[in-house]
Amino acid sequence: MAMHVPKAPGVAQMLKDGARYFSGLEEAVYRNITACKQLADTVRSAYGPNGMNKMVINHIEKLFVTNDAATIISELEVEHPAAQLLVLASKMQEAEVGDGTNFVIIFAGALLHNAEELLRLGITTSEIVEGYENALADALVILQSLVVHEVTDVRNEEQVKKGIRTTVMSKQYGNEDILASLISQACISILPEKTTFNVDNVRVCKILGGGLNNSQVVQGMVFKRQVEGDVTTKTSAKIAVYTGAIDITQTETKGTVLIKTADELMKFSRGEESLLENQIKAIAESGASVVVAGGKFGDMALHYMNKYNLMAVRIPSKFDLRRLCKSVSATALSKLVPPSSEELGYADTVYIDELGDTIVVVFRLDGKESRISTVLVRGSTENYMDDIERAIDDGINTFKGITRNGAFLPGAGATEIELAAQLASSADMMPGLQQYSTRKFAAALEVFPKTLAESSGTHASEVLSKLYAAHKEGKKNYGFNIDGAGASALIDTVEAGILDLYLTKEWAMKYAVGAACTVLKVDQIIMAKRAGGPKAPPGGVREEDD
């Protein structure tokens, strides 16, 4: 008879064999903090205009070379549960504001790093969490008093460009002026009168060859495709959009036809041809001059398209087809029937163009009624253009933020130093243990000018002392000059036009403190035993062969 071995007392006796359990400061809290610090250190060197690029190869071996934190963390597939909390906070920042993802992770990492020192001094996690939350509330009040610039007219290109410039500069230093100009032009041209601005209405089309200076904004849609028929240009075009193929329709049931003579064979095929011709003739008579289809064009259909001088364009992506309908105000039809005047879309010109060695079809709307604009990006490599696209995406999200709240704060670390200085001085007046947390919160804010200095090859401690001295003299807008050294290490950010969107800073601080406090509140980690068998794929869908 086998002897029964009792399990160890405690949590372990409730769980399956193989489950893991960690508790207390040493096993749970410090372990979580270490994981979060490592994640923050990974993306920290990518912060700022001189930030280093990361080369990330994802699970399907696609290569990413970028300093965009949102791309880095999404492709890394972080597994540690505590580090995942920081990743989730960063993703929420991306969803809410569209920029400042790196800020969230770095700041949360710095807060946790400083909290570890307090824990070793014997301060409890609940006291640290309470101190951080109170310091955040004070910081948000101070933040409102630091606003130095406001975009009052979102349709004024010069004002908007000034706001977008810094966002683009942090990703593409040196190209900020040309990109800010393209983004502001693309966004303002489609800004609706009443409804809110939708970031998806600005598309990016990347075409290999040329340089960034050859990039341009097109009102309407651009597709990297060739036309199907012989007609290549139409002006004042009325557009019929079909979701399916333009071809002889297949019957639902199979039938057998007994043909006895050659004459009967000729009549049978002619019947199908005449039916297709009548359908395309009816489309042409409805006023349509461009036919867009989601499926293929048959050879016979193309013959009749050319006969009736119709331009044929195939767009296989249903998402692109949907956006085109929105852009030209057309209704997509599922059957090959002549469209009514309400269902027809309109474009000033539809034409094919050759950019580099890529042929594109352009649906251009020159009037104010265009609801979608496209930024044509030119560049030497796909990776380079992908990075440009990420900078454009940040710029578009900044424009959306401007439409909600046009307030701007001084950039280049000036806001963080001013907040740190004011919070540190208010900590001296606080009673009890809360002052320690507030001081550590202020010290965590120093990480941003430090990082900017380190990535620019300057001594961080020297820069910090100069910044504190300048802010003590009342120069609240002074930040770190990444191009300067010695006496010119500081710069008046308002004069230089280095401005950060107020909404970005506000939400980033909220999410970073929220994530850091959640990690600190964890005192036990219980990991169930992994299920046996092969690991499920990330999407959760298994191949039939597996």
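Colleague: Which residues does phenylalanine 107 touch, not counting residues up to four places away in sequence?
Modeller: This is a predicted model, in which local features need a pLDDT of at least 70, side-chain atom pairs count only at pLDDT 80 or more, and totals for chains, interfaces and linings use all residues. Residues are numbered from 1 along each chain as its sequence is written, and side-chain values use heavy atoms, with hydrogens and water left out. Taking contact to mean heavy atoms within 4.5 Å, and not counting residues up to four places away in sequence, phenylalanine 107 touches Phe441, Ala444, Leu445, Phe448, Met509, Ala512 and Val513.

Colleague: Which element of the protein chain has the highest mean pLDDT?
Modeller: pLDDT is the predictor's confidence in each residue, from 0 to 100, and its mean over the protein chain is 78, with 86% of the residues reaching 70 or more. Helices (DSSP runs of H or I, at least four residues) and strands (runs of E, at least two) are numbered from the N terminus. The lowest mean among these elements, 56, belongs to strand β1 (residues 20–23), and the highest, 86, to helix α17 (residues 502–520).

Colleague: Why is the pair of phenylalanine 107 and phenylalanine 441 classed as it is?
Modeller: Rings of Phe, Tyr and Trp (its six-membered ring) pair if their centres lie within 6.5 Å, and planes under 30 degrees apart count as stacked, over 60 as edge-to-face and the rest as tilted; by this rule there are eight aromatic pairs. The rings of phenylalanine 107 and phenylalanine 441 have centres 5.4 Å apart and planes at 85 degrees, so the pair is edge-to-face.

Colleague: How many residues apart in sequence are the parts tied together by phenylalanine 107 and phenylalanine 448?
Modeller: Both phenylalanine 107 and phenylalanine 448 are buried. Their aromatic pair is tilted, at 6.1 Å centre to centre with 50 degrees between the planes. Phenylalanine 107 lies in helix α4 and phenylalanine 448 in helix α14 (residues 447–455), so the parts that the pair ties together are apart in sequence by 341 residues.

Colleague: Is phenylalanine 408 buried or exposed?
Modeller: Phenylalanine 408 is found in strand β14 (residues 407–410). Among the residues it touches are Val147, His149, Ile402, Leu499 and Tyr502. Because its relative accessibility is 0%, phenylalanine 408 counts as buried.

Colleague: How many disulfides does a search of the whole structure find?
Modeller: Cysteine 205 counts as buried because its relative accessibility is 8%, and cysteine 325 is buried too, with a relative accessible area of 10%. With a disulfide defined as a pair of cysteine sulfur atoms within 2.5 Å, the number found in the whole structure is zero.

Definitions and conventions: Buried means under 20% relative accessible area, exposed over 50%, partly exposed in between (1.4 Å probe, protein chains only).
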